[in-house]
Amino acid sequence: MSVSTVANDLSTELSRGRRLAVLAVCCASIIVVVMDISIVNVALPSIRTDLGASVADLQWTVDAYTLVLASFLLLAGSTADRLGRKRIFQIGLVVFGIGSLLCSLAPSVGWLIGARAVQAVGGTMLNPVAMAIVATTFPDRAERARAIGVFGSMSGLSLALGPILGGVLVDGLGWQSIFWVNVPIVAAAVICTGLFIPESRAARVRRFDPIGQLLVVLMLGGLVYAIIESEKLGWTSPLIVGLLVMAVLAAIGLLTYERRRQQPLLELRLFRSVPFSSAILMALFALCGFGAFLFVTTLYLQNIRGLSAVTAGLSLLPVGGLILVLSPYTGRIVGSRGPRLPLVIAGSALALGAAASQAIGVDTPLPVVLAIYLLFGLFLGMVNPPITNTAVSGMPTSMAGLAASVASAARQTGTTLGVAIAGTIVGSTTALNPEAFTRAEHVLWWPVLGLGLGILALALISTSRWAETTLITSPDT
């Protein structure tokens, strides 16, 4: 997705007030889209009871949403470039609102999973398109960097505040209310989009890439389905083996096909930049770790410790509070000193949080548990702004939107894999004794610790002098 645009309403410079209004609308869109990744976690025990869902059903309730987001973000971005970003953004808001309404009316878990996929179809038209709108609305490089920092910080903030708001809504009004709340926000955003956001299109429009899109869906869908269903069918099941083989072949096919295509869905040239490639891996690692943390933590707090939904949500307040405080500060650090320090702190905090979580048991005092959660809040508060900045800042302006879309897809893929892996490791232990659950949970923290160390290593590599020599200086590089 190109940020170089032919705009209808951008022939004259927008006033500062209108630019801020555009930023506010775009931030509102990412808040509802990303919050719906995490807000549903605190409702999972209630959904399981009311709809008779299994652990695999709960995984799909989360992953049907993030999987569709990850699979179609790039397609939505290129479609917006072609047909108009404002138009696609408004359509996305309407579809997301309809999906939210369908979720709230779900009579069965199958209906709910399908409605979550509809929600996500709308969400794919919001996240990358909003990023491109922000980039085109703020032409000054420094002002654009600050706006992108604010926009990027909303992602982490939404993930952390979702369980808190969800807990209040679930206990007060039932799990359906976590979807009702989206409808008025989306309605207001549709109106404000019409009032404040100018239409814009890309100067160079990418052709539709149906083969590349199909390969992305087969790769991600096969991998996630295999992970989720492996707990029930076993890793040696012909279906699971077949899905994994399909995912590998799709990945090989994607790399081979996209390299030869003149206008690919996935621009492989971007990965020649070490900072960009590192940012994509860090986004994948970070959200994989945090997705696993949220999925397991909400089950632990409610099923094992017997906390109500609102108390479980409030137990994650330290996480949300730290992100709220740290995200803007992190953006300023990135602007003045670069991304290395926040990324080093983030990777270290995730690794330490995973290591400390090994000590959490059934009877661990709640203040100790909350203190450990602070490390995850520190991690997420520090990781999102530098990842967005690293992915976008080293790119030519015309490639910044595409780079942001790939980073967003990596985040959603990471969340999807984190939930799938966490649910597979914990599996049926949620129905067994609490000690069995905590033993399985302790197994999970080892790969999360590895993800933290991976972020730490990539932070050092991506900010080295050698990495700077690999930056892409022009679209034709």
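On a 1 Å grid over the protein atoms alone, a pocket is an open set of points with protein on both sides within 12 Å along at least five of seven lines, and its lining residues have an atom within 4 Å of a point. Residues are numbered from 1 along each chain as its sequence is written, and side-chain values use heavy atoms, with hydrogens and water left out.

The chain has 19 helices and two strands, taken as DSSP runs numbered from the N terminus (helices, H or I, at least four residues; strands, E, at least two). Of the 477 residues in the chain, 59% are buried, where buried means under 20% relative accessible area, exposed over 50% and partly exposed in between, with a 1.4 Å probe and protein chains only. Contacts (heavy atoms within 4.5 Å) between residues at least 6 apart in sequence join residues at least 24 apart in 85% of cases.

Confidence is expressed as pLDDT, the predictor's score for each residue from 0 to 100. The chain averages 82, and 89% of the residues score at least 70. The highest mean, 94, belongs to helix 15 (residues 340–357), and the lowest, 43, to strand 1 (residues 5–7). Over residues 1–12 the pLDDT is below 50, although this stretch has 47 contacts in the model beyond near neighbours in sequence. Where pLDDT is low, the predicted coordinates should not be read in detail.

The largest pocket holds about 670 Å³ of space, the volume being that filled by probe spheres set on the grid points, which are joined across faces, edges and corners. Its lining comprises 25 residues, and Met219, Leu220, Leu254, Leu266 and Phe271 lie nearest the centre. At least two lining residues come from each of helix 3 (55–83), helix 10 (210–233), helix 11 (238–260), helix 12 (274–304) and helix 17 (397–426). Helix 17 gives the most, with five. By class, 22 of the lining residues are nonpolar, three are polar and none is charged; here Ala, Val, Leu, Ile, Met, Phe, Trp, Tyr, Cys and Pro count as nonpolar, Asp, Glu, Lys and Arg as charged, and the others, Gly among them, as polar.

Not counting residues up to four places away in sequence, Thr416 touches Asp63, Thr66, Leu67 and Val224. Ser408, also placed in helix 17, is buried because its relative accessible area is 7%. With neighbours within four places left aside, Ser408 is in contact with Leu73 and Asn127. Ser408 and Leu74 are 334 residues apart in sequence, yet 9.2 Å apart in space, C-alpha to C-alpha.

Asn433 is found in the loop between helix 17 and helix 18 (434–462). Its relative accessible area is 39%, so Asn433 is partly exposed. The C-alpha atoms of Asn433 and Ile304 are 8.5 Å apart, with a sequence separation of 129 residues.

A nonpolar core is a set of buried Ala, Val, Leu, Ile, Met, Phe, Trp, Tyr and Cys residues joined through side-chain atoms within 4.5 Å. The largest has 136 residues, and Phe89, Trp175, Phe293, Tyr373 and Phe379 have the most contacts inside it. Helix 12 gives the most to this core, with 18 residues. Beyond its neighbours within four places in sequence, Phe379 contacts Ala286, Phe290, Ala346, Ala349, Leu350 and Ile455.

Technical notes: Predicted model: local features only at pLDDT ≥ 70, side-chain atom pairs only at ≥ 80, totals over all residues. 1 Å grid on protein atoms, 1.4 Å probe; cavity = no way out; pocket = protein on both sides within 12 Å on 5 of 7 lines; lining within 4 Å.
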